[in-house]
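Subject: Structure for you to look at, with notes

Dear colleague,

Please find below the structure that I promised to pass on, followed by my notes on what was found in it. I would be glad if you read the notes with the structure open beside them.

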Amino acid sequence: MRKIAIILLVLMLLSSLSFSQTKTIRIWAMGEEAKNLSVMTDKFTKETGIKVEVQALPWTAAFSKILTGIAGRQLPDMAMMGTTWMAPFAAMGAFEDLGKYISKSNVVKPDKFFSGSWETVVYGGKVYGVPWYVDVRVLYYRTDMLKEVGYEKAPDTWDELYDAIKKLAQKYGLGNCGLGLSPTEAANFMPFVWQNGGDVIDKNKNILVKNPEFVEALDFYARFYRENLVAKGGANVFVDFESGLLPMFFSGPWMVSMIKEQVPKITGKWAVAVMPKKKTRTSFVGGSNWVIFTTSKEKDSAWKFIEFMSKPENQLEWYRVLRNLPAVKETWNSPELANDPFTRVFGEQLKDAKSTPIVPEWDKIESALGRRVEEACLGKRDVKEAVELLYEDLRKVLKK
């Protein structure tokens, strides 16, 4: 009896020891990603034995939650991070420099990712994250309506974009039909600047908004407003797309399934296309990255999870879960993506896409940009005056 008791005691001690050695990584995630991430974390745990705890944060509260966590050093091991949030938190020293991991990895290498997406994880010359999934803006358009004004395919250039929407407005009446633009959303306006070879600032934070490329892009953008060629519909883009009030607009991949579900009556009457060209077809790329916090005590395990999520087969599996577009280029060779007439357009656009500048001041820059672009679009200031004021705004923000 005593012998059996000793054996049981030894087994209990071994079990306890084994449990204590099981590693666990904690992740903060947002949105639908947080709700569905268990599909991947369960597989990761099965492969590695490393447990994963995911805490869901609402997008609306995530920024302040992370900010508070940094201040109080109460952070998980890692998190998914919006691309435009990389710079402010990296500047605070919150993210681990991943260079030493990447140099030893066969899975995570910069050339395995779309260049525009990879740029979002680089701050101050160091790599502080790894792209998880991407989104990129393309042109959504009504094929049936474009045919009515002589376009068998999407407008291919800036001139064709202007011509097509003007002809549609003439056919249906000014104010009854227009292009979908936003004067305050940088992701909507900045592609026009990039397509013309311009930018807001360069890598040294020199201000570029007085350059001809920026001025011409703003003038072209504001022209649609001046000539009443912008859709002035209600708040429901789906209703306006179906009615024809909004025959063309720019948006990301999430809209494909939403249009199919919400306005099935126009199935077969719409499509997506890469951006109309000026000098280039450059579009805005966003999405989410993985980061490891410097306070983590499980950095090696967190890196294993990042490598796991970066494998082409797991990127494809995650695409099947939420239709988030893979950040890893090899995954796009899958017939599932390459043969989809909608998805492959996004893949083509990802080859020519970039993000807004990765600088801590971007929030303030974006705010000033939206204010002055809106003033030019609504006719409160002419383009030249708006640009001069924007330059002064940015000079103060950047302390130039």
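Phe-308 is a buried residue, with a relative accessible area of 3%, where buried means under 20% relative accessible area, exposed means over 50%, and partly exposed covers what lies in between (1.4 Å probe, protein chains only). Before going further, please note that this is a predicted model, in which local features need pLDDT of at least 70 and side-chain atom pairs count only at pLDDT 80 or more, while totals for chains, interfaces and linings use all residues. Residues are numbered from 1 along each chain as its sequence is written, and side-chain values use heavy atoms, with hydrogens and water left out.

Phe-308 sits in helix H14, which covers residues 299-310; helices (H or I, at least four residues) and strands (E, at least two) are DSSP runs, numbered from the N terminus. If neighbours within four places in sequence are set aside, Phe-308 is in contact with Met-40, Lys-43, Phe-44, Glu-47 and Asn-314, contact being taken as heavy atoms within 4.5 Å. By contrast, the C-alpha atoms of Phe-308 and Asp-219, which are 89 residues apart along the chain, are separated by 46 Å.

Glu-317 is partly exposed at a relative accessible area of 24%, and Lys-43 is partly exposed at 26%.

How do the axes of H3 and H15 cross? They come within 10 Å and cross at roughly 150°, the axes being lines fitted to C-alpha atoms, for helices over the stretch in contact, with angles running from 0 to 180 degrees between N-to-C directions. That makes H3 roughly antiparallel to H15, since angles over 145 degrees count as roughly antiparallel, under 35 as roughly parallel, 65 to 115 as roughly perpendicular and the rest as oblique. On the H3 side, Val-39, Met-40 and Lys-43 meet Asn-314, Glu-317, Trp-318 and Val-321 of H15. By class, this contact of H3 with H15 has 4 nonpolar, 1 polar and 2 charged residues, where Ala, Val, Leu, Ile, Met, Phe, Trp, Tyr, Cys and Pro count as nonpolar, Asp, Glu, Lys and Arg as charged, and the others, Gly among them, as polar.

The count of salt bridges comes to 24. One of them joins the side chains of Arg-223 and Glu-227 at 3.1 Å, N to O; Arg-223 is partly exposed at 30% relative accessibility, and Glu-227 is partly exposed at 28%. Another joins Arg-372 and Glu-375 at 3.0 Å, N to O, and here both residues are buried. Arg-372 and Glu-375 lie in helix H18 (residues 362-377), 3 residues apart, or about one turn of the helix. They are also part of a network of salt bridges that links Arg-371, Arg-372, Glu-375, Arg-381, Glu-385 and Asp-393.

Phe-113, in the loop between helix H6 (99-104) and helix H7 (115-118), is buried with a relative accessible area of 2%, and its contacts beyond four places in sequence include Trp-118, Pro-131, Ser-310 and Val-328. Ser-251, in strand S9 (residues 248-251), is buried at 8% and touches, among others, Val-136, Tyr-140 and Phe-346.

How values were computed: Salt bridge = Lys/Arg side-chain N within 4 Å of Asp/Glu carboxyl O.
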